[in-house]
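Please look over the sequence and the structure shown here before reading on. The briefing that follows takes up charged pairs and then nonpolar packing.

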Amino acid sequence: FLQFVESRPPGSALITVSNHSSTIDDPTLLVASMPWRVLIDTSKIRWVFCTQDICFRRPILAGIASAGKVLPIKKGGGIDQPLLAEVQRRIAQGCWLHIFPEGKVNQCRQLGIGHYDNRPASTAAEIGRMKWGVGKLVAHSPVPVTLIPLHHVGMDDILVMQREPPYSLDLGSSRMGQRVRLIVGEEIHFKDLVEEHERVHGAVPKFIASEGDLRLSSSAEKILYSRITRRVEDALMQLEQRGLAAWNQQVAVATG
């Protein structure tokens, strides 16, 4: 996906999505996958968002996060929360945004399902495993969006979290210097979903860079967000299957 980071068409935005298996997935993985010419050009570095209660709970943390191009989001605030407007402005400006659509760390190696208060399997089957924010950003973007899925395995061995509340770091089990596998998927397209929605409900309103979009989403729009997010989920799950199969084979060879 480096070509989209460095030379995507003018006036277009880039969204990358991935599973979230440790608190250091960002910036560790994205830094490791980028050449120095990108890392020293702050205009090309990704934006990402983090919950207020983690990255912005103290002024010094907020300063570090802001300097690292991290935007605040309210945990449990929903897809119409005002803080999402700043994220939308970055998309409208043609920036690169990385999203963890699971919404939290999950070390079960099963996308969107497991411990750490992720959705149970029955709920995931009904409404999906991912948060719908990515669907809203894509649907209302005033500029073309390139969306690339990523999947990684191994970060949960580097920084391990306990399996029971309060889900603290398990430093005794964490091990630095472990191998990590990152797979980059193909671009995901959504034009057909948006056009199908617009044939029935009319044009989807677009947010603008100078103002953002604080309007409440309609029921029909939420269905569109869900369909877009499901397509993202399907792509990530396909990468998950490939990634885990390759990882397990590698482990079997190493231990066999």
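**Salt bridges and nonpolar cores**

Lys191 and Glu195 join their side chains in a salt bridge, with 3.9 Å from N to O; a salt bridge here is a side-chain nitrogen of Lys or Arg within 4 Å of a carboxyl oxygen of Asp or Glu. The model is a predicted one, in which local features need pLDDT of at least 70, side-chain atom pairs count only at pLDDT 80 or more, and totals for chains, interfaces and linings use all residues. Residues are numbered from 1 along each chain as its sequence is written, and side-chain values use heavy atoms, leaving out hydrogens and water.

**Charged pairs**

- Both Lys191 and Glu195 lie in helix α10, four residues apart, about one turn of the helix (helices are DSSP runs of H or I with at least four residues, strands are runs of E with at least two, and both are numbered from the N terminus).
- Lys191 counts as exposed at 61% relative accessibility, whereas Glu195 is partly exposed at 35% (buried means under 20% relative accessible area, exposed over 50%, partly exposed in between, with a 1.4 Å probe and protein chains only).
- Arg46 pairs with Asp26 in a salt bridge whose closest N and O atoms are 2.8 Å apart, and both residues are buried.

**Nonpolar packing**

- In the largest nonpolar core, which has 36 residues, Ile15, Val17, Leu147 and Phe190 touch the most other members (such a core is a set of buried Ala, Val, Leu, Ile, Met, Phe, Trp, Tyr and Cys residues joined through side-chain atoms within 4.5 Å).
- Helix α11 gives the most to this core, with seven residues.
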